[in-house]
Structures are given as structure tokens and as C-alpha cells.
Amino acid sequence: MKISIIGLGFVGLSLAVTNAMNGVKTIGVDNNKTKINNLKKCKTDFFEPNLDKNLREVVKSKLISFTNNVKEAINESDITFLTVGTPTKKTGGIELEFIKIDSHEILNALKSKKKHHLLVVKSTLPPLTTKTIILPIFENLIKSNKMDVVVNPEFLREGFAIKDLLEPHLIVIGSYNKKSGDLLEKYYKKFYKNIPEIIRTDLATAELIKYSNNAFLATKISFINSIANLCQTISGADVNTIAYAIGKDPRIGSLFLKAGPGFGGSCLPKDLTGLIDYSKTVPNSSKLFEAVKMINDLQPKRIIDLMRKMNAYASGNSISILGLAFKKDTDDIREAISIKIVKNLLKAGMKVTVNDPMAMGNFEKIFQNKIIYSKSTSSCLKKSDCCIILTEWDVYKKLNQNAFKKYMKTPKVIDARRILSPQKFSKIDFKAIGLGND
Ligand code: UGA
């Protein structure tokens, strides 16, 4: 069995590497020539723990190859995983152009192929997209039994891509007939030593499972951030204790209850927006999702409010930002809250100095020379009027109040990630998301 993967973004490349790691002959396809040339030399364009190391190994063992040529990849493989991007359009809906273009290319390639081919749609799509947009493209080939299309959403997290792909908590297979779903199930049964639960369903339910999963995670975060905002107005109240307590209820669960600056990344915001857009087709069904988004959109403002409380929000002030990535252990700044905060501070006339163990290069592409990039935490804090911790990097967890006192002009600290213990910062002006102050 040989597979091909079309679209070598974060999900596609991680999927290609893990398949090859499990001994499957894998062809990675992308229309970006520079990307393919770089991948042939084992160069990736984003950071993911252990990805580069494993890529080098599978390239060396010739289990993986890369090409721009869809036709060649389709002809040489039995199953194709489609992992092209489905970004948010400026109008709010989901951009399906790449899905359509690639489907047509796959169709052309399949016309000259004799053996049956299985197309596995992994890209996150609004409900009914596969049925109404992808299937009609392949209608004749499906009717003549030359191919089938199934939906198989992906639940991996950035920072854990390899682990999540090798040990998924669940496999969802959406299909319009038993035979095509069985084909993918058979593939996974060979692939995994310890196979997780497989849920078999129809195409649209599989698509909606993915949206529901991310929207529910987003809802938990917006819920706890709303409680955090209440805590900030109640002397002594602490959202962390509340999250811990309610998380003990097995019906609620402890994960994704960490209050913070709001959720970012390429997935939660995008899928929530996609679900809102889709829900508008059904009267009164988008209210909850809209509220979750609105709460998240407002959350960065809470940090500005804390700055105001500390008299730190003033034109001419120097502000240190610790953490730019949308979460730790990644260089990804897509939809990162740091972008919104830095834009706000610059607009208000403040001088901004930033530090991040991995994401500074990506941040520089947006802000160029408008801000200062500090290689170390201490140089970032130097002569600063206020410091905001925006990403929960382990290196920042080690900071103590002396460090802030030593380097800053006025040691005012906002912990937007709740990584520092407030008791240990009693000698400086310390505020945190979800922590009541007098
Ligand atoms: C998310 C989902 O967790 C994955 O299951 C899914 O497969 C993926 O999207 C996707 O659709 O591809 P990811 O974007 O890697 O994964 O990031 P998360 O770990 O979910 O974090 C998202 C944001 O929520 C981050 O900004 C994070 O800091 C924030 N967050 C997370 C909180 O503010 N509080 C929490 O308790 C948890």
C-alpha cells in the first residue's frame, strides 16, 4: 500500500512523516516548488517538536518522497489524503478554492489510472461541503467504481503533532457507502498497533464532528475567561482555584479551563468562524458560537484594562512583552493575541520590546522595525514601565520578582497566562488574569 498526501502544511507534512515512520511508502505533494525543494533537503518552514529529526530519518530510508506533480503521486498511490488549507475568507466564510482546484487536478490524474483510488478528505470543511462540492466533481468516477471519497477529520494539536498522529484518541470515518469506509478502516487497522475507537458515520456528520470538537474547546476557554473577568472584580477571588474545583466534576473535566488572553492559533478561531457562518443558514442557531467568539475578541482588552489599573497604559511608556507564539512550544503566531496587543500599544504611542524563544522571526515579518526584538528576557525587561506575559513558555515560569525589580524602570507585571504564583510577587505591582485585586 502506498499513499499520497496533497497539501504539505502543518497537518499534511506531520501526517506524511508519521505514515513514513510507520513504514508506509508516502508521497508528499504540494504546489509550492520552493517548499518541495526544501523538503527534499529536509528543510521545513515551521517548527514542530521532533518533526525535523523524523523527517531526516524517513528521507534517508527513502520511505518518503516529495513532488509538485499530482498526476504522478495519484498514479503511484492507492490512497490520497487531502490536507489542503481551508482558511477564513475576509467575508467570514470558509475559502474552498484550494479544495476545488486540487479536486479537479486529482480528477484529471485519476482519468488515466486503472486501479481503484480512495480519496480521504482530512481538511476541515463546513457540513455538506464534501457532498455538495467534492462528490459532484468525481461523480462519474464514483459511479463507475473507479474511486471513492471519505471524510476523516484530524484532531492533532500543534506541539504534539507526532504523538497525536501516532496515538490518536479517536478515528472518525464519514462515508456514503460501507465499502469505502471499510477500506480506510482496514488501512488504519494495519497502521496502528493499538487502534483507538473508530466512529463510522456519514460525510456531513464527520465534517460537523470536527467543527463541534473545536467549537466546544473554544467554548470552554471563553467560559473560563468570563469567570476570570468576574474574579478580577472580586477582592481575593482566583479563577485558577475555581477552574480546579469545577474541573474535579467528571461531567466538566479539568482540561481547557485555563484562563488567559484568549485563544489563538490557526484552528480554534477559524473553525469557530466557519461554524458561525454555517449556522447562519439555520435561524437562531449561531448565538452560542457568536458569544464564544465575542468573548474571545474582547479578552485582550482585559489586559489593557489591567494596564490602565496599574497606570501603565500611557503614551511614551516602554512595554515588555514576554511571549508571542499563540501557545508554548511553537513558533506559530497565527491569530496570536500578541499581535492584537502589540498593535494596540503601538497605536497608543507606546514603545514595545518583545521576547519569545521561537516566534520572533515570524513576528518580525509583521512588525519589522516598529518594535524592538530582545534575545533575552532580561534585555527585554530593561528600563521598562510594564511587562506583560502573553505565552506560557517554561522559561518565563522561572522568573522571580527580583528579576523584574532588577531590570525594569517600574516593576509592574501582568501575568496573562497565570504561570507565576501571585504570593511570590508581593513586593512588586503584580496583576494577573482572573485574580481579584483590592
Ligand atoms: C486545536 C485543537 O486543540 C486540536 O484538537 C485540533 O486538531 C486543532 O486545533 C486543529 O483543528 O487542527 P491547536 O490549534 O494546536 O489545536 O491549539 P490548542 O492547544 O487547542 O490551543 C488553542 C488556543 O487556546 C491557544 O491559544 C491556547 O493557549 C488557548 N488555550 C488552550 C487557553 O487559553 N486555555 C486552555 O485551557 C487551553
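**Close-up views of the predicted model**

**View 1. Helix α11 and its buried residues.** The buried residues of α11 are Leu268, Pro269, Lys270, Asp271, Leu272, Thr273, Gly274, Leu275, Ile276 and Ser279. Here, buried denotes under 20% relative accessible area, exposed over 50%, and partly exposed the range in between, with a 1.4 Å probe and protein chains only. The structure is a predicted model, in which local features need pLDDT of at least 70 and side-chain atom pairs count only at pLDDT 80 or more, whereas totals for chains, interfaces and linings use all residues. Residues are numbered from 1 along each chain as its sequence is written, and side-chain values use heavy atoms, with hydrogens and water left out. Because 10 of its 12 residues are buried, α11 is largely enclosed by the rest of the structure. From first to last C-alpha, α11 reaches 16 Å, close to the 16 Å expected at 1.5 Å a residue; the expected span is 1.5 Å times one less than the number of residues. Helices (H or I, at least four residues) and strands (E, at least two) are DSSP runs numbered from the N terminus.

**View 2. The shell of residues around the ligand.** Of the 20 residues around the ligand, those that come nearest are Leu156, Glu158, Lys210, Asn214 and Arg417; a residue is near if one of its heavy atoms lies within 4 Å. Both α9 (203-231) and α11 (268-279) supply at least two residues of this shell, and α9 gives the most, with four residues. The shell comprises 10 nonpolar, two polar and eight charged residues. In this grouping Ala, Val, Leu, Ile, Met, Phe, Trp, Tyr, Cys and Pro count as nonpolar, Asp, Glu, Lys and Arg as charged, and the others, Gly among them, as polar.

**View 3. Atoms facing the oxygen atoms of the ligand.** A backbone N or O atom of Leu156 lies 2.6 Å from a ligand oxygen atom, and a backbone N or O atom of Leu257 lies 3.3 Å from a ligand oxygen atom. From Lys327, a polar side-chain atom lies 2.9 Å from an oxygen atom of the ligand. The protein covers 91% of the 710 Å² of accessible area that the ligand has on its own, as computed by the Shrake-Rupley method with a 1.4 Å probe.

**View 4. The loop that holds Leu156.** Leu156 lies in the loop between β6 (147-151) and α7 (161-166). Leu156 is buried, with a relative accessible area of 13%. The C-alpha atoms of Leu156 and Glu167, 11 residues apart in sequence, are 9.7 Å apart in space.

**View 5. Helix α5 and its buried face.** The 15 residues of α5 (residues 97-111) should span 21 Å at 1.5 Å a residue, and the end C-alpha atoms are 22 Å apart, which agrees. Buried in α5 are Ile99, Asp102, Ser103, Ile106, Leu107, Ala109 and Leu110. Seen down the helix axis, these buried residues fall within an arc of 165 degrees, so they line one face of α5; the arc is that of the directions from the axis to the C-beta atoms. Lys100 is also found in α5 and, at 31% relative accessibility, counts as partly exposed.

**View 6. Loop residues with positive phi.** Leu128, although not a glycine, has a positive phi of about 80 degrees. Leu128 lies in the loop between β5 (117-121) and α6 (129-143) and is partly exposed, at 35% relative accessible area. Lys383, likewise not a glycine, has a positive phi of about 55 degrees. Lys383 is in the loop between α15 (377-381) and β12 (386-389) and is exposed, at 63% relative accessible area.

Technical notes. Polar contact = N/O pair within 3.5 Å; in protein donor to acceptor, adjacent residues only side chain to side chain.
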